[in-house]
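Please open the structure in your viewer and keep the sequence beside it. The tour below begins with the whole chain and then moves to a few side chains to select.

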Amino acid sequence: MDLPNELADWVDSDGAAYLLGRTLGIFAEDQDFSSMKWAFWTANPVGDALHESLLQLTAAGILERDEDEDRFRWAGDTAQVLEAARWGRPRLT
C-alpha cells in the first residue's frame, strides 16, 4: 500500500487510520474497513495509537489535517519536511 497515493485527497480520520494500519501491516489485505471499523469506533489501544500517529504525522508536517471535517491528506513535499527537521527549522509553507 502506498500511503501518499492513498491520502492524496482528503480522507476522514477513521479511513486514514485504517490506511495507515494497512500500510504498517496491522490489517491484512482481506480485512477491509467495514470488517475493522470496530477498531476506530471504540476506545482501544490499536485504534487510539493509529489516530495518535496521524496527529503526530500532522505535527511533523507529513500530513495535513482539516479539523472542521475531521480528515487528513498527504502534505506533499516530504523532502522539504525532512530537511527542515534535520536542521530544526519549521516547515515552510
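**The whole chain**

Colour the model by secondary structure, and you will find six helices and three strands, where helices (H or I, at least four residues) and strands (E, at least two) are DSSP runs numbered from the N terminus. Followed from the N terminus on, the elements run α-β-α-α-α-α-β-β-α. This is a predicted model, in which local features need pLDDT of at least 70 and side-chain atom pairs count only at pLDDT 80 or more, while totals for chains, interfaces and linings use all residues. Residues are numbered from 1 along each chain as its sequence is written, and side-chain values use heavy atoms, with hydrogens and water left out.

Turn the model along its principal axes, and the C-alpha atoms fill a box of roughly 40 × 25 × 25 Å.

**The aromatic rings**

A search of the whole structure finds four aromatic pairs, a pair being rings of Phe, Tyr and Trp (its six-membered ring) with centres within 6.5 Å, and planes under 30 degrees apart counting as stacked, over 60 as edge-to-face and the rest as tilted. Select tyrosine 18 and phenylalanine 33, which form an edge-to-face pair, 5.7 Å centre to centre with 80 degrees between the planes. Tyrosine 18 lies in helix 2 (residues 13-24) and phenylalanine 33 in helix 3 (residues 33-36), so this pair ties together parts that are 15 residues apart in sequence.

Next select phenylalanine 27 and phenylalanine 40, whose ring centres are 5.9 Å apart with planes at 70 degrees, so this pair is edge-to-face. Phenylalanine 27 sits in the loop between helix 2 and helix 3, and phenylalanine 40 in helix 4 (residues 38-41).

Finally, show Tyr18, Phe27, Phe33 and Phe40 together, because ring pairs link them into a cluster.
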